[in-house]
Amino acid sequence: MPDTRILVADDDKAVLAMCVHALERAGYEVVGVESGSEALSCVRAQSFDLFITDLRMPRMTGLEACRAIRDLDPNVDMIIMTAFGSMEAAIEALEIGVSEFVRKPFQPCDLFEAVERTLDKRRRERENARLRTLLPLLDLSRAFMHSVDLADIPERVVRIAKEETQASSASVMLLDDDILTIHAAEGLPPDVIAETRQRADEGIAGYAITHREPLVLEGDLKDDVRFQYREGTRQIETAVSLPLIHKNEVLGVLNVSKTEEGAAFTETNVEFLSVLASQAAAAIDNARLFAEIQDAYEHLEELDRLKSEFISIASHELRAPLTVLLAYATLLEDQAPGSMREHLDQVVGSAVQLKSIIDDMISLQRIDTGEAQMNPTDVDVRSALDHALDDLEPLASGKEQAIEMGSVSQVTVRADKQMLDLVLRNLLSNAIKFTPEGGTISLAVEQGEEEIVIVLSDTGVGIPKDELERIFERFYQVEDALRREHGGIGLGLAIAREMVELMDGHIWAESEAGEGSTFYLALPRED
Ligand code: ADP
């Protein structure tokens, strides 16, 4: 076992030599001494993991040596070798913390087993202690998972870093534009917190950041050339500085220091702080990302609000003059002679198109603001279809399209009459628009137990399968339709879906490019 240092004390030279030899062969670093006082001097000079001693030695007994060594270093494990043992000696040995007794005479393998057991126990105890110190990190990582508050994370990190390592101060510095500033601190004077603002390559923190690894410092650092101290910078004696790195990006640094004389950071402390630093970096990165998304969302919300406001103002302002224009143009159209009539026809046609776009915008606006009030009544489906067809049939006959009405028995749905009319007109006018001259548009009604489904099919251009859902999005138009001049802006189906959903129904389409389309409109049956 490399790096394990064992001190053996026995006044019997032969036993001592046997022990040292056996343990060295097993790979331990061993020092052998012939008395308790020599053992004490050794422990004063260097640290040992295990002390093995004979019980009966002249001048200082094994137990006395154990007690004195325990006072010098509480972490040393102890084994006593003895030929005679009294109950009192055993009790005293246990009190001092001796782990094993090896009864003399023994074979090297007996000693070796006792040493292994003791060291194994020590390893397990250390591992347990290490795991115990890491436990607070578990709670912290749970807290971080739910925390997106950028101010809160550094504060928690500082608190736990200071508490768990019994440090005198801790701080989290974050990097912004190559400048480090303190975002949270405990145990530092307020003026230091307020004034600390340094370049990312300056001081201990800068060194940790540049080298991208934890820096553990002990001793007087004033003259340490690595840290490029400015005049008047606070001096630290014992410190750990850990860069906060996430996804290979340095976000800042966690600094922890101890000011009492002789205080040092243990290996476990540094391991704890390293895990803490990496958790903190991930949490800070998450919180930043969240803040960015929130900003972007708020920006979008604002844009959306402005857009709605613009649409609302523009559409209302356009609608009134357009209505006047349409009324006069229609009036003149009736009276105008020959070619003038044709021109006025075009004026009326364009104005009608413009009006339908503005009406669509106003409908959407009313849905968005919640103004679109539902007024459900029992509506006869056949009459609703006839009503919608009234205005649109001339358009279909203009394109020599046949409209086939399947047998529609008398069925009634629960719907808002005006909304249903708008939805049906929308579907019908699309069918007419996207079906070439001479095509057929068929209407049918299917009856389910709880709903009635109006089915509208055409023999038109069809819709690619992967766009069947997207056509219900606002402003979405199939590219092919975009290329054809058909005078829409992609709002009709979005409005239709939102209105149908307001009426507790649903709407969907089935189609394939070039194969015609079928739209289904399902509404609840009358109560
Ligand atoms: P607009 O008709 O104003 O473009 P709509 O929201 O009513 O907007 O329709 C969106 C898109 O869906 C249309 O641009 C078209 O590409 C496609 N579409 C809708 N109905 C049909 C149909 N009956 N046949 C083929 N494509 C259609």
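Which residues line the largest cavity?

**Entry 1: ground rules.** I am working on a predicted model, where local features need pLDDT of at least 70, side-chain atom pairs count only at pLDDT 80 or more, and totals for chains, interfaces and linings use all residues. Residues are numbered from 1 along each chain as its sequence is written, and side-chain values use heavy atoms, without hydrogens and water.

**Entry 2: the cavity.** I searched the whole structure and found one cavity of 30 Å³ or more. A cavity here is a set of points on a 1 Å grid over the protein atoms alone where a 1.4 Å probe fits but cannot get out. The largest cavity holds about 100 Å³ of space. I list its lining (an atom within 4 Å of a point) as Lys-307, Ser-308, Ile-311, Met-361, Leu-364, Gln-365, Asp-368, Arg-474, Phe-475 and Leu-491. Helix H9 (267-335) and helix H10 (338-369) each give two or more residues; helices are DSSP runs of H or I, at least four residues. H10 supplies the largest share, four residues.

**Entry 3: a helix pair.** I next looked up H11 (residues 381-398) and H12 (residues 417-433). Their axes come within 9 Å and cross at roughly 30°. H11 and H12 are therefore roughly parallel (angles under 35 degrees). Their crossing is right-handed, meaning the near helix is turned clockwise from the far one by less than a right angle. On the H11 side, the contact (heavy atoms within 4.5 Å) includes Ala-384, Leu-385 and Leu-392. On the H12 side, I noted Leu-420, Leu-424 and Arg-425 among them.

Definitions and conventions:
Axes are lines fitted to C-alpha atoms, for helices over the stretch in contact, and angles run from 0 to 180 degrees between N-to-C directions. Angles under 35 degrees count as roughly parallel, over 145 as roughly antiparallel, 65 to 115 as roughly perpendicular and the rest as oblique. On a 1 Å grid over the protein atoms alone, a cavity is a set of points where a 1.4 Å probe fits but cannot get out, and a pocket is an open set with protein on both sides within 12 Å along at least five of seven lines; lining residues have an atom within 4 Å of a point. Grid points are joined across faces, edges and corners, and a volume is the space filled by probe spheres set on the points.
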